[in-house]
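Open the model in your viewer and keep the selection panel at hand. The stops below say what to select next and what is there.

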Amino acid sequence: VGGVIGRWREVVGDQVADHCTPETFEDKVLVVRADSTAWATQVRLLVPTLMRRLDEEVGEGVVEKVSVLGPAGPSFRRGRRSVRGPGPGDTFG
């Protein structure tokens, strides 16, 4: 885990590391979060190259899958934009 997350900037380079950060690494699956949907799409296209670099830098077979997530959206559960009521079970007919 330390090898994958700790050496992230070395493996992917400065430009990608500025916009994408590794979140978790469990069961040989690396989850990466991008700061925008455009960067998430770009990193998804770079996954084969990223897998090759991870095999070279960390070791072959350490990471078997890379999952790329987009930015986390705002939660409207509390605050000015929340609405009280029965929720999604409410139907009009």
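Contact here means heavy atoms within 4.5 Å. Helices (H or I, at least four residues) and strands (E, at least two) are DSSP runs, numbered from the N terminus.

This is a predicted model, in which local features need pLDDT of at least 70 and side-chain atom pairs count only at pLDDT 80 or more, while totals for chains, interfaces and linings use all residues. Residues are numbered from 1 along each chain as its sequence is written, and side-chain values use heavy atoms, with hydrogens and water left out.

Colour by pLDDT, the predictor's confidence in each residue, from 0 to 100. The protein chain has a mean of 83, and 81% of its residues reach 70 or more.

Next, select the largest nonpolar core: buried Ala, Val, Leu, Ile, Met, Phe, Trp, Tyr and Cys residues joined through side-chain atoms within 4.5 Å. Of its 21 residues, Trp-8, Leu-30, Leu-54, Val-63 and Val-66 touch the most other members. Helix α5 gives the largest share, four residues. Centre on Leu-30: beyond its neighbours within four places in sequence, its contacts include Val-4, Trp-8, Phe-25, Leu-54 and Val-66.

Now turn to charged pairs. The whole structure holds eight salt bridges, each a side-chain nitrogen of Lys or Arg within 4 Å of a carboxyl oxygen of Asp or Glu. Select Arg-33 and Glu-23, whose closest N and O atoms are 2.7 Å apart. Arg-33 is in strand β2 and Glu-23 in strand β1, so this pair ties together parts ten residues apart in sequence.

Move to Glu-64 and Lys-28, a salt bridge at 3.6 Å. Glu-64 sits in the loop between α5 and β3 and Lys-28 in the loop between β1 and β2, 36 residues apart.

Last, select Arg-53 and Glu-57, which form a salt bridge at 3.5 Å. Both lie in helix α5, four residues apart.

Note on methods: Buried means under 20% relative accessible area, exposed over 50%, partly exposed in between (1.4 Å probe, protein chains only).
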